[in-house]
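Here are a few notes to read with the model open beside you. Take them in any sequence you like.

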Amino acid sequence: MAELLDLEEPQAHIPLLESKQNPSSQPTQGEDDEETHLDGALKLFDTLLGFLGFHQSSVLSCALSWSGFVLVGIVLPVVVLQLSDCAACEKYQIKDFELDVVASQACLAAVSLLCLSHNLRKYGIKRFLSVDRQSTSFARFRKDYVKKIRGSIRLLVFWALPCFILKTVREVIRILYAEHVSWGLSVAILLAMIISWTYLSLISLSAAIMFHLMCNLQVIHFDDYAKLLQTESEVLVLIEDHIFLRYHLSKISHRFRIFLLLEFLVVSASQFMTLLQTTRYTTRITLINGGDFAVSAIVQAVAVILCFHGATKISHRAEGIASVASRWHALVTCGPGDASQPQYSNGSGNGNLESPNRLKSITCTDSESDLESLDIVTMPTTTQLASYMSSYHKREAFVLYLQMNPGGITIFGWTVNRALLLNTILCLELTLITFVLGKTLVFN
């Protein structure tokens with residue numbers, strides 16, 4: 001397994017992705033259309049990432065990306081806050097609070113930009129998402145890939161748009177409340193703060209949605225693997241397929257473990273900083289001076305929830321495969337007509353079990369009585385019995401293998417599953433975020 005993980009791509013035959021296709025057949029018109037739709041969805045998503053500065057394939061593009069990040073995400077809001085001068089800003093410490101918000105947003109966006117741009121520069125978007133031509137040879141996979149990619153783009157708009165509206169409303173209220181020299185300066189400050197905040201928030205949300213998309217794409221293969229258990233009786237084929245699935249989960253874990261860890265640490269540090277800022281402030285905290293804390297906390301919560309939702313979803317599917325295999329093993333062993341002894345195909349003489357396709361109907365449909373059935377029962381030979389026991393032990397070893405190797409998204413050995421999420425991460429993050437929201441969303 002260690003040698004397999006060191007390879008960039010598995011070289012062994014993968015029955016799950018290749019056994020049902022004919023290599024010599026030419027792609028049909030429908031397959032070409034699905035390939036075109038997949039390329040279009042990937043191009044749209046890749047264009048969005050390039051607009052946000054995730055494309056850093058050359059020294060020039062890397063310099064432009066980070067220069068734009070520093071200018072738009074850091075310099076612009078800091079200069080605007082320093083130039084804005086009003087009595088209310090000094091009285092209610094609006095400037096100090098907003099500088100802290102800019103610092104936390106910039107740190108989270110920098111982590112997202114650094115980790116995701118490194119992976120995109122190294123692998124490219126198709127290879128990074130594992131949706132290259134080799135892995136999309138099935139029409140059903142391509143359709144699901146297109147659906148997931150387009151759904152991720154809609155998910156980005158779904159979360160970014162309400163946060164953008166909330167930020168705009170907060171800035172408008174702040175401009176109306178604060179006293180500036182002229183309305184032109186007020187509008188310039190409003191536009192600068194909204195542009196900078198939107199840019200940093202889109203970077204953070206895009207990286208989280210990219211990880212969420214990768215997990216959802218792997219869910220497609222785990223669902224197909226669960227269906228394979230109902231039709232495939234060769235245990236070695238099932239083990240090879242599961243090793244292939246775990247290989248891809250290991251790649252995702254390796255590429256995103258630093259990102260997940262740093263994002264969790266940055267969000268936690270940001271919430272602790274907000275906690276200290278709001279608790280030591282003696283005057284009432286309202287939407288005017290502390291509204292940015294609430295908006296920033298919502299964006300950070302959405303990014304963390306998207307990441308851990310995708311990780312726990314694929315980990316839950318990976319752990320659930322053992323349950324599906326155990327049920328498959330029990331049905332093959334104790335299925336209809338197979339409760340007392342193994343069944344063998346007529347005239348084959350090789351002692352193989354009947355196809356698991358017979359397990360689709362659990363109810364026995366034989367119309368013979370018990371006495372009539374006893375007349376046709378034959379005692380198995382030594383060869384048949386040995387073959388049956390060998391098949392039974394193979395299935396039992398396969399189920400034991402799945403139980404001991406469930407797979408899932410890991411962070412330096414820690415599996416990100418629902419137990420870890422509920423017991424540690426979610427409780428801590430929700431406690432901090434709800435406290436921040438309770439301290440800031442107070443109208444005077």
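**Notes on the predicted model**

1. Let's start with the rings: the structure holds seven aromatic pairs (rings of Phe, Tyr and Trp, its six-membered ring, with centres within 6.5 Å; planes under 30 degrees apart are stacked, over 60 edge-to-face, the rest tilted). Phe-211 and Phe-256 make a tilted pair, because their ring centres are 4.9 Å apart and their planes stand at 55°. Since Phe-211 belongs to helix 9 and Phe-256 to helix 10, the pair ties together parts 45 residues apart in sequence.

2. A word on how to read this: it is a predicted model, where local features need pLDDT of at least 70 and side-chain atom pairs count only at pLDDT 80 or more, while totals for chains, interfaces and linings use all residues. Residues are numbered from 1 along each chain as its sequence is written, and side-chain values use heavy atoms, with hydrogens and water left out.

3. Do have a look at Phe-256 again, as a kink of about 50° in helix 10 is centred there (the angle between axes fitted to the seven residues ending at a residue and the seven starting there). Helices here are DSSP runs of H or I, at least four residues, numbered from the N terminus.

4. Residues 151–169 are 100% helix, with end C-alpha atoms 27 Å apart. Residues 256–273 are also 100% helix, and their end C-alpha atoms lie 25 Å apart.

5. Which helices each supply at least two residues of the lining of the largest cavity? They are helix 6 (94–123) and helix 9 (183–228). The lining includes Glu-98, Lys-167, Trp-197 and Asp-292 (lining residues have an atom within 4 Å of a point on a 1 Å grid where a 1.4 Å probe fits but cannot get out).

How values were computed:
On a 1 Å grid over the protein atoms alone, a cavity is a set of points where a 1.4 Å probe fits but cannot get out, and a pocket is an open set with protein on both sides within 12 Å along at least five of seven lines; lining residues have an atom within 4 Å of a point.
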